[in-house]
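Dear colleague,

I am sending you a structure to look through. Please find it below, followed by an account of what was found in it.

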Amino acid sequence: MLQTKTIIDVRATVVRTQSIISDVNIITLNCPSIAATAKPGNFVNIKVNTSTQPLLRRPFSIHNVNGNLIDIMVKSIGCGTAIFANYDEGSTVMVLGPLGNSFNITDPHFKTAVLLSGGIGTAPMLFLSKSLAANGIKVINLIGGRTKDDLLGYNLDNCRFATDDGSFGFRGTVLDLLNNELPDIEQEGPIKLFACGPNPMLKALAGYSRSKKLVCDLSLESVMGCGIGICYGCSVEINDPDGGNRTILLCKEGPVIDAQLLVI
Ligand SMILES: Cc1cc2nc3c(=O)[nH]c(=O)nc-3n(C[C@H](O)[C@H](O)[C@H](O)COP(=O)(O)OP(=O)(O)OC[C@H]3O[C@@H](n4cnc5c(N)ncnc54)[C@H](O)[C@@H]3O)c2cc1C
Ligand code: FES
């Protein structure tokens, strides 16, 4: 659903940097106006350089909000993320946000939330976990990776892990882990799934949640330019509940969509 909110572009100071694993860092930004209105699932678009390399901003989920501070979890995969990951404390950066819609955590029909994430898809799960817990919802985190070195359970409670190679936790995908745990989890009452990760994982989960009639929010990834609905760089086809398909801009009507809407 499209959500209206005030989007601002602010110069934020880096107050802390922390290395989690070799290519993943947490950057803490003093960003009171964004912290005040951010919701779990929102993202920010950051100008990582004052030069034109890279020219476009880069989108990052809001990993955590703590008072005036927001945390960003950054995985270095290319030019922009490598520059941002190397920011020093005291430096400043332009941050546009909060952007996009948010996870729907107000649905009264679930008592347990199962959060599935893979790779850097774990980034939005801390903010989401804390918001769910504050609403009295039990949270279970299922976290997947190819090997134990890819797992990002940083600061999350009640985590169960899956690795493709069995080097840590359950051997298999995070979806296999869900399938294994579901009978026990469902004994505790109605559940809702929330997921963020690589698109193939989300497609598989969308098919699974539909077959099991489970309500599921997915946070999708796409390449983004402006982050505010101008460049059309993030257009994605979704199922139209009224029939056929329609195109949405993920930066405005996403990144979170109901799993029923994902074209698989
Ligand atoms: C809504 C949203 C939230 C995100 N949240 C986070 C986050 O919290 N932490 C984080 O580290 N990253 C996050 N990302 C991904 C991050 O924006 C990209 O990794 C980043 O833009 C890559 O920039 P780069 O200059 O380092 O890489 P580039 O040099 O631009 O690209 C390097 C390689 O990565 C590929 N690539 C670039 N962007 C993406 C993408 N979005 N998805 C898949 N492949 C891509 C390129 O095709 C290329 O092969 C998010 C993306 C979106 C859309
Ligand atoms: S990123 Fe420009 S329209 Fe979505």
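**An enclosed helix**

Helix α3, which covers residues 125-134, is largely enclosed by the rest of the structure, because 7 of its 10 residues are buried. Please keep in mind that this is a predicted model. A residue counts as buried when its relative accessible area is under 20%.

The buried residues of α3 are M125, L126, F127, L128, S129, S131 and L132. An α-helix has 3.6 residues a turn, so residues three or four places apart point the same way.

After α3 comes G136, and its phi is positive, near 80°.

**A glycine in strand β8**

Strand β8 runs over residues 112-118 and includes G118. Is G118 buried or exposed? Its relative accessible area is 9%, so G118 is buried.

Leaving aside residues up to four places away in sequence, G118 touches G144, C196, G197, P198 and M201.

**The protein as a whole**

The secondary structure consists of 6 helices and 16 strands. For 264 residues, a compact globule would have a radius of gyration near 18 Å; the protein has 18 Å, so the two agree. Its C-alpha trace spans about 50 × 45 × 35 Å along the principal axes.

Buried residues make up 48% of the 264. Among contacts with a separation of 6 or more, 63% join residues 24 or more positions apart. The protein exposes about 12,000 Å², of which carbon and sulfur atoms supply 52%. There are 22 positive and 23 negative side chains, and the centres of these two sets lie 4 Å apart.

**Two domains**

The domain assignment gives domain 1 as residues 8-99 and domain 2 as residues 103-216. Their C-alpha centres lie 24 Å apart. Where the domains meet, 18 residues of domain 1 are in contact with 12 residues of domain 2.

Yours sincerely

Terms used
Residues are numbered from 1 along each chain as its sequence is written. Chains are lettered from A and ligands numbered from 1 in the order in which they are written. This is a predicted model: local features need pLDDT of at least 70, side-chain atom pairs count only at pLDDT 80 or more; totals for chains, interfaces and linings use all residues. Side-chain values use heavy atoms; hydrogens and water are left out. Helices (H or I, at least four residues) and strands (E, at least two) are DSSP runs, numbered from the N terminus. The radius of gyration is taken over C-alpha atoms; the globule rule is 2.2 Å times the number of residues to the power 0.38. Buried means under 20% relative accessible area, exposed over 50%, partly exposed in between (1.4 Å probe, protein chains only). Contact means heavy atoms within 4.5 Å. Accessible areas come from the Shrake-Rupley method with a 1.4 Å probe; for residues, only the protein chains shown count as cover. Lys and Arg count as positive and Asp and Glu as negative; His and the chain ends are not counted. The place of a charge is taken as NZ of Lys, CZ of Arg, CG of Asp or CD of Glu. Domain bounds come from an automatic or database domain assignment.
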